[in-house]
Each structure stands twice: as structure tokens, then as C-alpha cells.
Amino acid sequence: MLAAQRVRGASGVDKAAGTLLYSMASRLKDPKRLAFLSDSIVLCKICTELQLAAALEFVKSHPEDPIDQKAFERACGVGVVVTPEQIEEAVESIIKKHKDQLLKERYHFNMGLLMGEARSALKWADGKVVKNEVDLQVLHLLGPKTEADLEKKLKPQKAKAAGGEVKKKEEDVALTEEGVSGEGKSLMEQLRGEALKFHKPGENYKTEGYVVTPNTMDLLKKHMEITGGQIRTRFPPEPNGILHIGHAKAINFNFGYAKANNGICFLRYDDTNPEKEEEKYFTAIRDMVEWLGYKPHAVTHASDNFQQLYDLAVDLVRRGHAYVCHQKGEELKGHNSPPSPWRDRPAEESLVLFERMKKGLFAEGEATLRMKTVMEDGKLDPVAYRIKYTPHHRTGDQWCIYPTYDYTHCLCDSIENITHSLCTKEFQARRSSYFWLCNALDLYCPVQWEYGRLNLTYTVVSKRKIIKLVESGVVRDWDDPRLFTLTALRRRGFPAEAIINFCARVGVTVSQTTTEPHLLEACVRDVLNDTAPRAMAVLEPLKVTVTNLPEHSQSAVRVPNFPANEAKGSHTVPFARTIFIEQSDFREVMEKGYKRLTPEQPVGLRHAGYVISFQKVIKDARGKVVELEVTCCGSETAEKPKAFIHWVSQPLVCEVRLYERLFLHKHPEDQSVVPNGFLSDINPSSMHVISDALVDTSVRGAKVLDKFQFERVGYFSLDPDSTAEKLVFNRTVTLKEDPGKM
């Protein structure tokens with residue numbers, strides 16, 4: 001209230017102005033505008049909540065000094081008086097526009113529509129006065145409410161689907177090619193335009209927490225001249241491991257946001273740690289980005305900017321914002337810890353020492369360059385440069401000092417004129433230092449936006465832990481189909497489209513998301529159901545001889561690639577006197593509810609047009625059933641069987657790998673659940689190899705990663721281990737139906 005007393009004297013302000021002052025002070029993000037807005041309220045220029053909202057938006061949109069007083073007053077409706085006659089005239093015009101519908105629907109009409117149009121036409125009028133006028137004119141037109149007007153309006157019922165179902169199960173929701181979220185929005189719809197409430201290019205200063213300096217507006221003007229107002233994002237992985245399912249969300253968010261808004265996205269390798277980088281990771285990362293359907297505007301590297309980053313570090317030291325430190329360990333702990341004893345050394349001395357670091361005159365760990373700032377998590381003076389005597393993948397022995405993520409990331413964003421620096425929530429603690437460093441060097445400052453990380457249960461995605469799984473022999477490599485790396489999911493047969501759809505269903509959330517694998521698997525089934533041609537395979541073969549067919553009988557059976565849409569083509573498979581069925585499709589002793597082949601019960605053969613009936617069982621010396629003898633007849637003459645089973649004849653022998661969850665518990669890294677660590681939680685049945693499965697000949701010409709639905713068995717993909725002599729199939733997911741169905 002000091003501002004009020006300064007303007008109005010000891011009398012202060014009335015209650016209404018006091019309420020506005022309190023509201024303004026609690027909502028204002030830029031404290032330097034406090035006195036200006038306080039004066040506007042106390043002098044009765046800002047008199048309503050509506051005007052206050054406009055005033056706050058104006059100062060947010062105009063951070064530069066001085067404020068244009070006339071433009072401010074125009075934007076806030078200062079001095080605008082709306083007369084009762086103007087209100088009456090505007091409402092009368094709106095009532096006239098909707099008169100026919102009002103007379104038809106009477107008081108069931110959406111009166112909010114009238115109020116919305118009235119408030120839009122009378123922006124600075126008192127809302128209560130406007131509402132009273134609307135109510136009065138509606139009453140004058142319609143008269144008092146009747147009993148019919150008081151009856152509740154019935155909502156139209158949704159048309160029932162076949163079978164009486166109104167709601168679809170989550171996994172039955174149809175997915176578009178762009179993916180569908182829980183609210184039915186595609187990934188592109190979630191990312192397009194103002195859906196995310198992100199700032200517009202050039203309006204960085206409107207973002208909460210963004211720091212405006214005297215040079216900000218000039219820097220933004222130059223930035224806009226370079227970009228032309230185009231959205232620019234980047235995906236900045238470290239090339240020291242393979243991307244996992246969490247990265248899929250990051251890829252979709254960064255590339256998708258740019259694509260949805262006609263922008264561009266860079267693939268920038270954060271290659272600042274030469275000890276862990278390998279060529280295979282660079283290649284695999286780009287491969288996965290392109291597999292998901294995105295093409296980088298340019299492929300860049302942090303190392304492209306090593307000289308410029310070094311020059312900027314020298315400038316930072318000159319400005320007094322960085323110093324050379326000899327304290328062991330990279331992290332200074334929190335606000336309560338004493339600062340480094342070298343924090344106040346003269347800039348000239350730090351410049352000399354930094355040059356010596358560059359020349360290799362210190363041992364590793366003997367000196368670092370630190371920035372004079374405190375991060376949001378309390379981390380004091382984060383390291384900008386450290387010494388590493390390791391040749392770099394791209395620059396060789398040119399450098400022995402390397403910049404850290406905290407120093408490099410925001411500067412590379414600035415160099416590339418990124419508009420939206422999108423990163424996961426754990427980087428929120430670095431946002432203030434991000435802004436600080438760009439401003440300390442008087443550089444264009446992008447805006448960092450955080451989103452929730454995507455996690456899955458029953459897995460680990462940490463690079464260090466995956467390396468342990470590989471080294472201990474639990475999995476074969478980073479692309480083992482039991483892992484949730486993107487290379488592993490692709491090898492297992494997950495379509496890229498399904499992963500994009502999954503990211504859409506999870507949604508572009510700010511909160512961290514932990515999801516169970518079955519949601520991802522449902523997205524995979526939805527895609528494969530429409531794209532994976534059908535074939536027949538028998539995993540546990542039982543030989544069946546059809547005794548009433550001639551010895552060398554053979555015919556061709558046409559099998560539709562997609563039974564629900566036969567226009568999508570078909571293939572033929574042979575049908576001979578000897579066929580093979582699943583062992584589980586025959587039971588010697590009839591059980592209640594069992595619908596397949598028994599001595600008393602015939603069964604149909606899918607697509608063949610035959611029904612087979614049991615004649616004889618043949619067993620080996622141990623009593624195991626090894627062969628059946630049956631007779632067959634045309635399905636058009638036989639009584640309709642209770643079930644139809646799949647079969648193969650003159651098949652190919654193949655290897656089939658069946659996968660289950662790699663870990664026994666949902667959270668294998670949780671010490672309270674798995675006290676002996678994640679390596680003790682391995683599911684011993686996570687992979688089952690069937691080396692002598694049989695598959696029909698339609699798959700003979702398949703290529704690696706081709707996908708099929710093996711009817712009644714599951715979805716499968718051809719593994720890279722396949723040879724000309726023997727195909728190898730990975731089970732991608734089971735069918736939607738319960739595999740234990742009788």
C-alpha cells in the first residue's frame with residue numbers, strides 16, 4: 001500500500017482498489033512494473049478485473065522501456081465509458097440475430113452464447129449490467145417460463161454399435177496415421193498451433209521466468225531476421241548409447257512440434273564426452289530418428305562449435321562470470337556449502353590458467369572452469385570445462401578440455417537460433433542457469449520448456465544397466481528383443497507407426513508418466529492387424545495323415561492375406577495327404593468346453609474347405625501321441641464343426657522365438673521390492689526358442705523385419721539371424737484374444 005499512500009496520501013484507497021492491488025501484486029511476473037501498475041489502479045485508470053487482466057497482458061507483451069502510455073490506456077480501456085443505451089442497443093442486435101432459434105427452443109436455448117457475444121461486443125462494460133440486460137430482453141421476447149421450459153432437456157443418445165455396445169475398449173479405438181491420444185487427438189493435433197500454450201517465435205519474453213535484459217529485444221529482432229519467424233527445435237542425444245522408448249517421446253515431441261507448425265528440427269549430437277562416444281551410436285541414433293519417419297533439417301554436433309564455445313568461455317571469464325577452480329570433484333554442494341576458495345580470483349589470473357588448461361599443462365581433475373551461478377536445485381558454480389586426455393571422435397587430439405552439458409547446451413541452442421528448447425522435466429533445475437548463461441554473454445536466449453518423461457514398467461532403460469545386462473549375458477546386445485531400446489523394438493517387429501500412436505495415447509504431458517507395456521502392445525496390434533498379412537505356422541507340430549486321400553494327393557488352397565478384406569490379395573499353400581496341426585488342437589480325452597479335435601469331435605481346417613474326423617492315434621514307446629490318422633470331407637456336406645484350426649502342409653522348418661517380460665517385477669530397480677538389485681529379478685522364462693516350428697511356404701521370400709500374423713498364434717517378424725536355409729521369427733505380440741481360449 002506504499003504506492004497508494006504516495007499517490008493518495010494518508011487516506012489510502014477504497015476496498016475495490018485494494019482488492020485490485022492485491023490481485024495485481026500476486027499475479028505480476030515482472031516486479032519492475034509494480035509501481036507503474038499500482039499507480040494506474042490508485043489513480044482509477046484500472047478499475048475492473050477485466051482491465052487488470054488486460055494491463056497484466058500488456059506489460060508482459062511490452063517488456064522494453066519506456067512503456068507507451070497511450071497504447072497502454074487504449075489496450076486497457078482506460079477512460080472508456082459504456083452507456084446503458086449502448087448496452088441496450090448491442091444486446092438488442094444480438095437477440096435479433098438469434099430470434100428464430102430463441103422462439104423455437106425458448107429457455108432451452110444456450111443463453112451463454114448470447115452472453116459471450118454481448119461481452120465480446122461490449123468489452124469494457126460491467127458484466128453484471130450486461131447480464132441483466134440480456135435477461136430482461138429474453139424475458140420480454142419469450143415471456144415467463146412455462147412448465148415445458150422447466151423440464152430437463154434430454155441429451156441425444158449415442159447410436160449403439162452392433163451387439164449393443166456403445167463404448168469401445170481402449171485397445172479398440174481406431175488410430176489414424178498420425179496416432180490418437182486418450183482424448184482422440186492425433187499427435188499432430190496435440191502439437192499444432194497454440195495447443196501447448198508455448199510462446200510464439202520472437203515472443204520469448206512472454207514466458208514465465210524468462211529474464212529480460214536491456215539487449216533482449218534487439219537480440220530477438222536479429223533472431224527473427226535470421227529465422228523469419230519459423231519455429232526451430234532440436235533433438236540433442238548423447239552418442240554414447242542406443243535410444244530407448246523414452247527417447248521416442250522426445251523425438252516425437254521435438255520433430256513433431258516442428259513438423260506440426262511448419263518449422264524445422266535439428267538432430268544435434270551432444271558429443272562433449274570423448275570417453276564414451278562410438279561411431280555405432282551416431283549411426284544408430286540417426287537410423288532410429290529416420291525410422292520413426294522424421295528427416296532432420298540438418299545433422300549438427302556440439303563439437304562443430306568447440307572453438308566458438310571456447311571463445312565464449314574466455315569472454316565469460318573476462319566479464320567476471322567464471323573462474324578456474326582447483327577443487328577436486330565437479331560438484332559443489334548446495335547453498336549452505338562454502339563457495340570455492342578460488343571463486344574471487346581475478347579474471348586476468350583465471351584467463352591465464354584457462355589458457356594453461358587448454359595447452360595441457362594440468363593433469364586431469366587438477367583444474368576446472370566454473371560458472372558463477374547457483375542452479376535451481378542448489379548446485380553451486382557448475383563446471384563449464386574439464387580436462388580429458390582422450391582423443392575425440394571427430395576432432396582427434398585438437399582439444400584436451402571439453403565443455404559440459406550445463407555450459408554447452410544453451411549456447412548451441414543460441415548458435416542454432418532454436419526457438420523452443422524442449423527437454424524432460426529433470427532438466428527444469430537447469431532452466432535458470434540456461435537463461436543466466438545466455439544473458440551473461442549477451443547472446444540470443446531461447447526458451448527452455450520441460451515435458452514429462454515417459455517410463456515403462458518391467459524394464460530398465462539406463463545405459464549403464466543395459467551394458468550390465470549385455471556383459472552378464474542376460475541379453476545378447478542393445479537390440480535384444482526383450483529390451484525397450486528402439487533398435488530392440490524394431491527387431492522384435494514393432495512398427496514405427498505404433499510407437500508414434502503410443503506416444504499420442506500417452507499424450508504430450510508435463511507430468512512424468514509411467515505406463516505398462518500392454519498399452520504399447522495394444523498400439524502394435526492395431527497397426528499390425530491392418531498391415532501384417534496372414535500366414536499359418538505350427539509351433540508344436542503333430543503329424544496328421546488324411547487316410548481317405550490318395551497317397552500322392554496334392555491341391556492348392558487359396559488363403560486371403562487379410563480375411564476381413566479379401567480385396568487386399570491372397571496366396572496359395574499346398575494341401576497334401578500329410579498335414580501338421582498344433583499338439584494342443586487334439587485331446588485324446590474329451591473335456592468340457594473343448595471345441596477342437598477329439599475322438600468324438602471333428603474339427604474344421606481353416607481356408608481348406610475340409611472337416612477332419614478322428615480315426616486312429618499312434619504313440620511312441622513312451623506313450624506320447626506322435627501321429628493321428630483322420631478322414632476328411634468337404635465342409636459344405638459336413639455338419640458345421642464347433643471350431644476351425646490352422647494347419648500346414650509341405651511346410652518350411654523355421655525357428656521361432658517367444659518373448660515374455662524380461663523382469664519379474666514392475667519396478668526392477670526398486671530396492672524395496674528387489675533388494676538384491678535388478679540383475680536378481682530376471683525372468684528365467686523371458687525367451688523360449690522353438691527350433692523346429694513349421695510355417696507355410698507363403699513366407700519363403702520374406703525379407704528381414706517383414707511382419708506376419710500367424711493365424712491363431714500371434715504377430716511375428718523375420719529376425720536378422722535368418723539364413724537362406726532357415727528362417728527365424730520373433731513373436732512381436734500375442735493376438736488380442738486370450739491365448740488360453742478353449
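1. Two strands are counted as paired if DSSP finds at least two bridges between them. That criterion applies to R234, which stands opposite F266 in β2. Four bridges join β1 to β2, the latter made of residues 264-269, and these two strands run parallel. The model discussed here is a predicted one.

2. The pair belongs to an open sheet of three strands in the order β1-β2-β3, with parallel pairing. Its edge strands are β1 (232-235) and β3 (298-301), each of which pairs on one side only. On average, neighbouring strands of the sheet are turned by 35° against each other, direction ignored.

3. Two helices pack on this sheet. Helix α13, residues 245-260, touches β1 and β2, and its direction makes about 160° with that of β1. Helix α14, residues 279-291, touches β1, β2 and β3; the direction of α14 makes about 160° with that of β2.

4. The loop between α13 and β2 contains N262. Although N262 is not a glycine, its phi is positive, at about 55°. Is N262 buried or exposed? With a relative accessibility of 66%, N262 counts as exposed, because the cut-off for that class is over 50%.

5. A second residue with a positive phi is R712, where the angle is near 70° and the residue is again other than glycine. R712 sits in the loop between β24 (707-710) and β25 (714-718). Its relative accessibility is 34%, so R712 counts as partly exposed.

6. The peptide bond from D65 to P66 deserves a look on the display: it is cis, with omega near -5°. P66 lies in a loop, with α4 (49-61) and α5 (69-76) on its two sides.

7. Helix α18 covers residues 431-440, and seven of its ten residues are buried, so the helix is largely enclosed by the rest of the structure. The buried residues are S433, Y434, F435, L437, C438, N439 and A440.

8. Helix α22 runs over residues 517-531 and has 15 residues. From its first C-alpha to its last it reaches 21 Å, close to the 21 Å expected at 1.5 Å a residue. Its buried residues include the run from A522 through C523, V524, R525, D526 and V527 to L528. P517, L519 and L520 are also buried in α22. In general, an α-helix has 3.6 residues a turn, so residues three or four places apart point the same way.

9. For the protein chain as a whole, there are 22 helices and 26 strands. Its radius of gyration is 35 Å, whereas a compact globule of 742 residues would have one near 27 Å. The C-alpha trace spans about 110 × 95 × 45 Å along its principal axes.

10. The accessible surface of the protein chain comes to about 36800 Å², and 51% of it belongs to carbon and sulfur atoms. Among contacts with a separation of 6 or more, 70% are between residues 24 or more positions apart.

Conventions
Residues numbered from 1 in each chain as written. Predicted model: local features only at pLDDT ≥ 70, side-chain atom pairs only at ≥ 80, totals over all residues. Heavy atoms only, no water. Axes fitted to C-alpha atoms, helices over the stretch in contact; angles between N-to-C directions. Contact = heavy atoms within 4.5 Å. Expected span 1.5 Å × (residues − 1). Buried < 20%, exposed > 50% of the residue type's maximum accessible area, 1.4 Å probe, protein only. Rg over C-alpha atoms; globule rule 2.2 N^0.38 Å. Areas by Shrake-Rupley, 256 points an atom, 1.4 Å probe, with all protein chains shown as cover.
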